[in-house]
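The following exercises concern the packing, pairing and exposure of elements in one protein chain. Each task is followed by a solution in steps.

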Amino acid sequence: MFKALVKNRKLKIAIVTVCRLLLGISFVIFGFFRACNPVTGAEMVNDYLAAANMTFFQPLSTLLAITFAAAEFAIGICSLLGTNIRKTSLLTVMLLGFLTPFSFYTAYVSPVTSNHHIVGLPSSDSASFWLYLFSLVTAILIFFWREYSKTVFSARTEWAIGPISLAFSICVSLFSYVKLPMVDLSPYRTGVSLKHFITEEQLTEADVEWRRGELFKVKGKKDVIVPKGKTTTALQIYSESKGDITRDIVGYNGYTFLLVSEDLRGASTAARREINDLYDYARDNNYRFYCLTATKAGSNTAEEYCVESGGAEYPIVNADKRVLNNMIQSNPGLILVKDGVIFRKWSNFNIPTFEGKLEEDENASLQTLSMRRKFFSLLGDFAIILIIILALDKFIDLVKWLWKKTKGGGTGEKEPGEGTTDTANAQPTTERDKQ
């Protein structure tokens, strides 16, 4: 019975199609999520390289994160559409042939201790391993039964699907890297309350140490469960003069501007004038303004930053570097918080200016466009590109068909001396012809 099923062509086509769709959808979603969060992706790559004792690749972490996301997205699109199936299935097997044992190593041999999360991706390395293993088996089946794969694209246009998918993913990553993620998949998304990230324990001076003399670190970090069930490092804000001020900032009823810089050594000062003007605006209108950084407020680095920033006067307080990196993918980046809820986020390249009250300004309102709507909107734009290519492909086929019909058509009546003889099908009409 099994042999009969295996020999059934229609069944093979159905199995390959289902496998392609499952593999394609998962790769498209995961690849697109990674493409939208290149900074967090680079931090995750750093963690995995460290766990695998491959730290010599860490300077290339951003490039590796963007490249991996683009490859995953392109493979997903090609698998989903069944284009270039031989190359696609082979590349999929090669990629998963590396990722499966690597994820096993980082899950069970040298576990990764990281709190960098991208919502929508597997929550643990063990889950990633089993997902990769299942995908590898699926990809191998598709490779061996690739002749039963069907596609609506012709060979004339299917070669372009892969490069276009790569280019789209890379553009999304570059835009998200320069500005902010086109789809924010961090735990600190707009609409989320910062109260989810705090603990009951208060920081004391004994809980704090300074790495290399000027980088903030909490001894025995606390973890919290945030929305979507993820575990992440708690947000703990410390002031050398006031101690733990986390609840004072998060629990404040009103507007608070948080200028977030994971490390002032790498902070851009290109928008220093806009930031200083915004601080003056906040002070004049009784809004709170803090600079959150892992760099010690009184360190040489902080003093140099203040000088380069045109004499920045805003208060500098400290938090863990990895937490700040999760909060916003820009150094520095600006977050507007109201009553503890994240209302808006801006990168260093689009620091806003305000004149009137924030309560009356649309730019200070809660950004309500959901993650799901942004996701489907961007993929919808990409789908339009694919539809245009398919329409062009079918239009060329239609033109060719019309040309052939016109060239070989007419009234169907043969002129004297014209016409062709189908010698293969011609029937002999005389005795001589039969012989």
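**Exercise 1.** Determine which residues of α4 and α8 meet, and describe how the two helices cross.

Solution. Step 1: list the contact, meaning heavy atoms within 4.5 Å. From α4 come Thr 62, Ile 66, Ala 69, Ala 70, Ala 71, Phe 73, Ala 74, Ile 77, Cys 78 and Leu 81, which meet Ile 161, Gly 162, Ser 165, Leu 166, Phe 168, Ser 169, Ile 170, Ser 173, Leu 174 and Tyr 177 of α8. Step 2: sort these residues by class. The contact of α4 with α8 holds 15 nonpolar, five polar and no charged residues; here Ala, Val, Leu, Ile, Met, Phe, Trp, Tyr, Cys and Pro count as nonpolar, Asp, Glu, Lys and Arg as charged, and the others, Gly among them, as polar.

Step 1: The axes of α4 (residues 61–81) and α8 come within 8 Å and cross at roughly 140 degrees. Therefore α4 is oblique to α8, given that angles under 35 degrees count as roughly parallel, over 145 as roughly antiparallel, 65 to 115 as roughly perpendicular and the rest as oblique. Step 4: assign the hand. α4 passes α8 in a right-handed crossing; a crossing is left-handed if the near helix is turned anticlockwise from the far one by less than a right angle, and right-handed if clockwise.

Two notes apply throughout. The model is predicted, so that local features need pLDDT of at least 70 and side-chain atom pairs count only at pLDDT 80 or more, whereas totals for chains, interfaces and linings use all residues. Residues are numbered from 1 along each chain as its sequence is written, and side-chain values use heavy atoms, with hydrogens and water left out.

**Exercise 2.** Describe the packing of α2 against α5 and against α8.

Solution. Step 1: take α5. Helix α2 (residues 9–36) and helix α5 (residues 85–109) pack at an angle of about 60 degrees, their axes being 13 Å apart. α2 is therefore oblique to α5, and α2 passes α5 in a left-handed crossing. Arg 20, Leu 23 and Phe 27 of α2 make the contact with Ile 85, Thr 92, Leu 95 and Leu 96 of α5. These residues divide into five nonpolar, one polar and one charged.

Step 1: take α8 (residues 161–178). Its axis and that of α2 come within 7 Å and cross at roughly 30 degrees. On the α2 side are Phe 32, Ala 35 and Cys 36, which meet Phe 168, Ser 169, Val 172, Ser 173 and Ser 176 of α8. By class, the contact of α2 with α8 has five nonpolar, three polar and no charged residues.

**Exercise 3.** Is Asn 276 buried or exposed, and which residues does Asn 276 touch?

Solution. Step 1: locate the residue. Asn 276 lies in helix α10 (residues 272–284). Step 2: apply the cut-off. Asn 276 is buried because its relative accessible area is 16%. Step 3: list the neighbours. Not counting residues up to four places away in sequence, Asn 276 touches Ser 309, Gly 310, Ala 312 and Tyr 314.

**Exercise 4.** State how many helices and strands the protein has.

Solution. The secondary structure comes to 14 helices and 11 strands, where helices (H or I, at least four residues) and strands (E, at least two) are DSSP runs numbered from the N terminus.

Terms used. Axes fitted to C-alpha atoms, helices over the stretch in contact; angles between N-to-C directions. Buried < 20%, exposed > 50% of the residue type's maximum accessible area, 1.4 Å probe, protein only.
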